[in-house]
Amino acid sequence: MVTRTEIQEHISRNSCWVILKGNVYDLTNFMDSHPGGSAVILKYAGRDATAAFEPIHRSDTLEKFLKPEQNLGPFTGSLPTRDATPQSSESKTGTGTSPEKKVKLTSIINIRDFEVSASKSLAPTSFAFLKTGSDDEYTAQWNRDSWKAIRLRPRILRPIETIDLSTSILGNTYSAPFFICPTGGSKLAHPTGDVLLTRAAAKHNVLHWVCNNAGCTQQEMTDARAENQTTYWQIYVMNDIAITEQEVKQAVANGYKGFALTVDAIRPGKRERDIRSSINDDDAPDSTDEEDNSFSNGPKVKRPPVWSSFDWVSSVKWLRGLTDLPIAIKGIQTWEDAALCMHYGVHPWLSNHGGRQLEGAPSAAETLVDIRRHCPEVFEKCEVIVDGGVTRGTDIVKALALGAKGVGLGRGFLYSLTFGEAGVRRAIRILKHEVEVAMALLGVTAIDQLNPSYVEVSSLAFASAFPRSYL
Ligand SMILES: Cc1cc2nc3c(=O)[nH]c(=O)nc-3n(C[C@H](O)[C@H](O)[C@H](O)COP(=O)(O)O)c2cc1C
């Protein structure tokens, strides 16, 4: 038992105790190896950090990263009064919703409606984490706008009766050509977010590409899978490569049928919307300290630093050595790198991480067009996966017409999660409906009939993003 008086004596860098899930932990020696930095731990010295901790850490984090002796025992007594304000304001980082602001699911008719609803119902810091792009969010916006800049070329007077949306992605058949992207932080949208994404995907037989940075363990994500459901696994390679090797082997054993190696995040992008939302002007004394680096705080959902010394040969060789299953390289942003994927026998996943990494990177739509222009062979030898800024069935159809095999959505499904599994299922149904209408009006009845003759891309070169400030 640790008392309130005792914990109050350990609120400095030299001795830092924090309450987590009812127990008191000595984090003095751990704080410098915390992926999110020591400052955030010190902020909670002598206080209860549970509300801030739970939505953004895996359930096995404490056991995995702390030694048993760092658990000092249960906290007894009430919290110091000065904690009342920070505590309640910190609950803003949780998934707390304001019921009066939450709209009914039946009034949601498109993916953007989910975003507007999430902006009102989620805690501001949670919404900021999901929504943020890097820098001025130009690329995040451009991702969306570039799909809009592509025109469709409908062919008419074709008999259209049944329309088949089913397609295969990396060797497995799904009921639709779009899928749920790997995203960390889904607990910010719903406490059991990752699991619900898998369950909703199962109900509709769409692909969930599970995130290794999910809020649950791989085992929990595997257990969430329905019988006969096929899911894929995404990896970041950690500095301690042995941990990732073990994870990949375990994923193979757990029946994941494909892998994505994310390579566009060797440093976190400067996500200012997220950074701003965590700066609490009332809480912290102002600082002219040269050590102050609040402008560079990385994303809220932290992961250990990724391995950044891989090159093409070593990375593909390493992963191929662990599995014969299909591998996609996630974060391809040029036709040249797509051609290298072809050369190394892996699939290019065109993505700029939803505009959260390099501001100014091209959208997947542009890279698709570039591959078509410079190295169309890629579409014959590889399956090209795309994501970024997709919010409409027409966006998906445009990507498929340009040669994509699977089209991912990250934020769209995260926002729908604020309504739980029912929200994600509705998002899937909305997208299926929109894809079907677009195909009918274009004059095609099956995904494999889509080809570049159904799109006009010349206006893409003259389009630009108009950053909007409505959310
Ligand atoms: C909140 C959030 C967390 C993400 N976490 C990951 C991650 O852990 N691993 C990864 O490969 N991509 C991650 N991504 C990127 C997505 O997989 C995907 O590339 C991106 O969301 C697509 O853009 P969209 O959000 O505009 O649909 C994340 C994206 C968001 C929005």
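Q: What covers the buried residues of helix 8?
A: In this predicted model, the cover includes helix 15 (364-374) and helix 17 (393-401).

Q: What makes T139 and W142 in helix 8 count as buried?
A: The cut-off is 20 or more other C-beta atoms within 10 Å of a residue's own. T139 and W142 are among the buried residues of helix 8, as are A140, N143, R144, S146, W147 and A149.

Q: How does the reach of helix 8 compare with the expected span?
A: Helix 8 (residues 138-149) has 12 residues. The expected span is 1.5 Å times one less than that number. Helix 8 reaches 15 Å from first C-alpha to last, close to the 16 Å expected.

Q: Why are strand 1 and strand 4 called edge strands?
A: The open sheet has four strands in the order 1-2-3-4, with antiparallel pairing. Strand 1 (11-12) and strand 4 (71-74) each pair on one side only.

Q: How do you know that strand 3 and strand 4 pair?
A: Pairing needs at least two bridges. Strand 3 (residues 23-26) and strand 4 have three, in the antiparallel sense. Y25 stands opposite N71 in strand 4.

Q: Which residues have the most contacts inside the largest nonpolar core?
A: They are I180, L368, V386, I396, V397, L400 and A404, in a core of 102 residues. Helix 19 (residues 420-442) gives the most to this core, with nine residues. Another core, of 16 residues, lies apart from it; C16, L20, Y25 and L27 are among its members.

Q: What is V386 in contact with, leaving aside neighbours within four places in sequence?
A: V386 is in contact with L350, A364, L368, A399, A404 and V407. For each pair, the C-beta atoms lie within 7 Å.

Methods:
Residues numbered from 1 in each chain as written. Predicted model: local features only at pLDDT ≥ 70, side-chain atom pairs only at ≥ 80, totals over all residues. Helix = DSSP H or I, 4+ residues; strand = E, 2+ residues; numbered from the N terminus. Buried ≥ 20, exposed ≤ 12 C-beta atoms within 10 Å, placed from the backbone. Contact = placed C-beta atoms within 7 Å. Core = buried A, V, L, I, M, F, W, Y, C linked by C-beta atoms within 7 Å.
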